[in-house]
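Here are my notes for you, written as numbered points. Have the picture open while you read, and take the points one at a time.

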Amino acid sequence: MLKVLITGKNGQLGSTFQELATSVADIEFIFKDSKELDITDFKQVEGVLSTDKPNIIVNCAAYTAVDRAEEEPEQADLVNHIGVKNLAMMCKNRNIGLIHISTDYVFDGEKGSPYEVADPTNPINVYGKTKLAGELAMQAINPNGCIIRTSWVYSKYGSNFVKTMLRLSKEKDEINVVADQYGSPTYATDLANACISLMKNVENWKDGTEIYHYSNEGVISWYEFAKEIMVITKINCNVIAIESKKFKTLARRPKRTALNPHPQKILGNLVNWKESLVINLKEKDGLE
Ligand SMILES: NC(=O)c1ccc[n+]([C@@H]2O[C@H](COP(=O)([O-])OP(=O)(O)OC[C@H]3O[C@@H](n4cnc5c(N)ncnc54)[C@H](OP(=O)(O)O)[C@@H]3O)[C@@H](O)[C@H]2O)c1
């Protein structure tokens, strides 16, 4: 039986894996939170891997606070770069497969069409720079496995755009949402299922580290995303389109970072963003 260790078990993706784990046959999952397995602590990582002996690690651990990262670049780098380097070294030495999750923010958003895996990276904020540093460290060490770049992740867990819109719609009659940043939402359940399909295919993995792009299908603005949330939930809240320059944030955001998720049959079928949003909004638990 395949043994898969999930880091960052209490984050959006980690929690989604916990939910799906019970219905996955032939895989034994081990879940670790940031105290049980701090990926920045090389000795602790070594100890956990010696005890648990997984065949595959899925790294769901990350420093994801995009604005706070501008003020805490060292902390963001420690988790998103050094932590990934630790895992990659350990996986390489012990022949463990590593599935690492990265981001569309490794790109500058200026391309004008969906990004391909081989497009040049050029992050414009600290979070993106630290995530790219993690990717490059993993590629340099080259363990068997992959880097999955994803975007605009939401779920019923943690903090995300969908939950924020639902909360704001209860507090206000109208919400301002930026309409000049485009990307593709990714429902964490779809991403976790893509990772599971990759795990089940472990026999066919190529040697070394591959990069994949995975998101839901469709490119939209945050404004369109918010509008659709109100349409599906039938919440009577006016969504007003604004320009990014009127919504100041600490970190700069790239304009258009949609990822081209084709052709990646290994990650399973792509799901349209609206279909997944409907499913998420029908889930009662966790949504305020
Ligand atoms: N959210 C998005 O919109 C988005 C977009 C593109 C890519 N991604 C990528 O997708 C992946 C999953 O994101 P997510 O939304 O599930 O993130 P999340 O909800 O912020 O969860 C991150 C998890 O990482 C844990 N963590 C932080 N530092 C750690 C450390 N040193 N050692 C071990 N665990 C640590 C956190 O635990 P504590 O709470 O205990 O600190 C938290 O449970 C990340 O790689 C992220 O960069 C996310």
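How do the residues of the shell around the ligand divide into nonpolar, polar and charged?

1. The shell around the ligand has 11 nonpolar residues, 14 polar ones and three charged ones. Keep in mind that you are looking at a predicted model.

2. Now for who is in that shell. The ligand is surrounded by 28 residues, and the closest are G8, G11, Q12, A61 and A62.

3. Which elements supply at least two residues of the shell each? They are α1 (12-21), α3 (73-94) and β4 (97-103). The largest share comes from α1, with three residues.

4. Zoom out to the whole chain. Its secondary structure amounts to eight helices and 12 strands. Along the principal axes, the C-alpha atoms fill a box of roughly 55 × 40 × 35 Å. For 288 residues, a compact globule would have a radius of gyration near 19 Å, and the chain's 18 Å agrees with that.

5. Next, a word on helix pairs. Two packed helices are described by the angle between their axes and the distance between the axes.

6. The axes of α3 and helix α4 (residues 126-141) cross at roughly 15 degrees and come within 8 Å. Why call them roughly parallel? Angles under 35 degrees count as roughly parallel, so α3 and α4 get that label. The crossing of α3 past α4 is right-handed.

7. On the α3 side of this contact you'll find P73, A76, D77, N80, H81, V84, K85, A88, M89 and K92. They meet V126, Y127, T130, K131, A133, G134, A137, M138 and I141 in α4. Sorted by type, the contact holds 11 nonpolar, four polar and four charged residues.

8. The second pair is helix α7 (residues 222-233) with helix α8 (residues 273-282). Their axes lie 10 Å apart, and the helices pack at an angle of about 55 degrees, so α7 and α8 are oblique to each other. As α7 passes α8, the crossing is right-handed.

9. Who makes that contact? From α7 it is E228, I232 and T233, and from α8 it is K274, L277, V278 and L281. Four of the contact residues are nonpolar, one is polar and two are charged.

Notes. Residues numbered from 1 in each chain as written. Predicted model: local features only at pLDDT ≥ 70, side-chain atom pairs only at ≥ 80, totals over all residues. Near = placed C-beta within 6 Å. Helix = DSSP H or I, 4+ residues; strand = E, 2+ residues; numbered from the N terminus. Nonpolar A, V, L, I, M, F, W, Y, C, P; charged D, E, K, R; others polar. Axes fitted to C-alpha atoms, helices over the stretch in contact; angles between N-to-C directions. Parallel < 35°, antiparallel > 145°, perpendicular 65-115°, else oblique. Left-handed = near helix turned anticlockwise from the far one by under 90°. Contact = placed C-beta atoms within 7 Å. Rg over C-alpha atoms; globule rule 2.2 N^0.38 Å.
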